[in-house]
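Dear colleague,

Please find below the structure that I am handing over to you. My findings follow directly after it.

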Amino acid sequence: PLDCEQARCDHSQLNTTTNMLVLVRANELVTMSRVNAFLAMISVFYVAVTLVCAILNSYDNDCDPGSEGCSPATTPQTFHNLEFGATFVFNTVDVFALGYSPRTLSNQYQNPTLLKLLVLFNVCLSLASFLLVAINLEKFEVLSHELEYTNEVTMTIFDMAILINLAHGRTHETRCCRGDNCMFCITVLVSGCVAGVQLGVYNLSGWTADGDSKGEQAAHYLEFMFGCVSAGITFWFTMDNKLCAEQRLRHIMSKDLESAL
């Protein structure tokens, strides 16, 4: 005999049913598992992009190419396109991550209307910032950074919403959703502090004669740190979603329909 629980064993007897609701739920769980695996990979890609941006940020990319000692790694336009474009894509990933959770966040969140407004605000501001930079960096650079850094404060609330979903899921009877939530609380607290300090550094470090912030380079480092933390939360969330969806699919296949639905 096989030493495993009947519901978990790959060799257990599979469920056969003509119940359309069960079949629809099974297909939905398969889709959730695949989509969350894809979103988790995008989160990892975003971390890679932020690391590249941090390296580029260490160079003086705004210097005059004709001056002595000027050796920029890239153009300011390329750097900011990469920075703002990646942020917009990642914010879109966060929206899909919430939509493809096996346990819908709006069913657990106390104010789903506020959550929808946060989603709209988050994606709208990141897209607006990216478009402004792509259209005319020199004219809209400061405005775009102000929008992006303000948006990162709301991202902290967004991350907290993800934390709430994880915490609620881990108190449910589904085994794959249990664990210690202390690490999530610390992570969200750190990211919130970084986002607030970053906004202050950019606006309170003084301004050049050209109207640029003297704290832009330092603010960029904080921005990329915040991005890595936020991507880590999303990666953890999407992988948790994937594992939970697969676990519930196994419940359906082993006739444990109450746990699966």
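Asn61 is buried, because its relative accessible area is 11%, and the cut-off for that class is under 20%. The model in which this residue is described is a predicted one. Asn61 belongs to the loop that runs between α1 and α2, the latter covering residues 76–99.

The side chain of Asn61 comes to 2.9 Å from the backbone nitrogen of Ala73. It also reaches the backbone nitrogen of Thr74, at 3.3 Å. When residues up to four places away in sequence are left aside, Asn61 touches Leu56, Pro72, Ala73, Thr74 and Pro76.

Leu163 counts as buried because its relative accessible area is 7%. Along the chain, Leu163 and Thr234 are 71 residues apart, while their C-alpha atoms are separated by 9.6 Å in the model.

I turn next to the surface. Which residues make the nonpolar surface patch of about 350 Å²? The patch is made by Met41, Val44, Phe45 and Phe235. Helix α1, residues 20–57, provides the largest share of the patch, namely three residues. Phe45 is located in helix α1. With a relative accessibility of 46%, Phe45 is classed as partly exposed, because that class lies between the limits of 20% and 50%.

The average pLDDT of the protein chain is 79, and 74% of the residues score at least 70. Where in the protein chain is confidence lowest, and where is it highest? Helix α7, residues 257–260, has the lowest confidence, with a mean of 50, whereas α2 has the highest, at 91.

Yours sincerely

Key. Residues are numbered from 1 along each chain as its sequence is written. This is a predicted model: local features need pLDDT of at least 70, side-chain atom pairs count only at pLDDT 80 or more; totals for chains, interfaces and linings use all residues. Side-chain values use heavy atoms; hydrogens and water are left out. Patches are made of residues with over 30% relative accessible area and no salt bridge: like charges are joined within 9 Å, nonpolar side chains (Val, Leu, Ile, Met, Phe, Trp, Tyr) within 5 Å. Accessible areas come from the Shrake-Rupley method with a 1.4 Å probe; for residues, only the protein chains shown count as cover. A salt bridge is a side-chain nitrogen of Lys or Arg within 4 Å of a carboxyl oxygen of Asp or Glu. Helices (H or I, at least four residues) and strands (E, at least two) are DSSP runs, numbered from the N terminus. Buried means under 20% relative accessible area, exposed over 50%, partly exposed in between (1.4 Å probe, protein chains only). A polar contact is a pair of N or O atoms within 3.5 Å; within protein, one must be able to donate a hydrogen and the other to accept it, and residues adjacent in sequence count only if both atoms are side-chain atoms. Contact means heavy atoms within 4.5 Å. pLDDT is the predictor's confidence in each residue, from 0 to 100.
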